[in-house]
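Here are my notes for you, point by point. Have the model open while you read.

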Amino acid sequence: MNQNEFVNLINPFRDKLFRLAKRLLVSTEEAEDATQEVLVKLWNKNESLGNYNSVEALAMTMTKNYCLDQLKSKRAGNLKIVHNNFTDGEAGLQQKMEDVDSLSWAEKIIEQLPEQQKLIVQMRDIEQCEFEEIAKILDMNETAIRVALSRARKTIREFMIKTHSYGIR
């Protein structure tokens, strides 16, 4: 595989790799580094990429593993997982302020979720990945992913309801 073929193969999902890395590492620079590392590893495997059913799933898995390794390493001790990929349409100032507050609460809730649930919420709700793709990337059963996603959403929903109804009862 030559360089042009490799670029054509990788380009459709390169941004997706960056968004996953950014989601996990928070820092734009760290995410760029992670994406670059994964692309270099893929280039080094370029002759055997044809053996994989989905190069995108392989790349997503490599990105997830690389980022988790970075989070566990000493030099990434101050990194955390944050949820900040939402923007709202043209709403009034009051609504915008409420949305910012709700998003802040949602970020705090997601930070407290177990690692696996954070990744599943990111891939399904933010990246819009299919359950089959998430199952390949996380090496899990699709049913287990649906259960974990349901539990994560339930935790987020219950906390948000409790937060928004505080002092009303």
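1. How much accessible surface does the chain have, and what share belongs to carbon and sulfur atoms? The accessible surface comes to about 10500 Å², and 48% of that belongs to carbon and sulfur atoms. Accessible areas here come from the Shrake-Rupley method with a 1.4 Å probe, and for residues only the protein chains shown count as cover.

2. A quick word on where this comes from. This is a predicted model, where local features need pLDDT of at least 70 and side-chain atom pairs count only at pLDDT 80 or more, while totals for chains, interfaces and linings use all residues. Residues are numbered from 1 along each chain as its sequence is written, and side-chain values use heavy atoms, with hydrogens and water left out.

3. Now the overall layout. You'll find seven helices and zero strands in the chain, so called because helices (H or I, at least four residues) and strands (E, at least two) are DSSP runs, numbered from the N terminus. Of the chain's 169 residues, 40% count as buried (buried is under 20% relative accessible area, exposed over 50%, partly exposed in between, with a 1.4 Å probe and protein chains only).

4. On to contacts, meaning heavy atoms within 4.5 Å. Among contacts in the chain with a separation of 6 or more, 67% are between residues 24 or more positions apart.

5. Take a look at Gln-117, in helix α5 (residues 115–126). Is Gln-117 buried or exposed? Gln-117 counts as buried because its relative accessible area is 12%. Setting aside neighbours within four places in sequence, Gln-117 touches Ala-148, Arg-151 and Ala-152.

6. Next, the rings. Rings of Phe, Tyr and Trp (its six-membered ring) pair if their centres lie within 6.5 Å; planes under 30 degrees apart are stacked, over 60 edge-to-face, and the rest tilted. That rule gives two aromatic pairs. Phe-6 and Trp-43 make an edge-to-face pair, 5.0 Å centre to centre with 75° between the planes. Phe-6 is buried at 8% relative accessibility, whereas Trp-43 is partly exposed at 35%.

7. Trp-105 and Phe-159 are a tilted pair because their planes sit at 45°, with the ring centres 5.8 Å apart.
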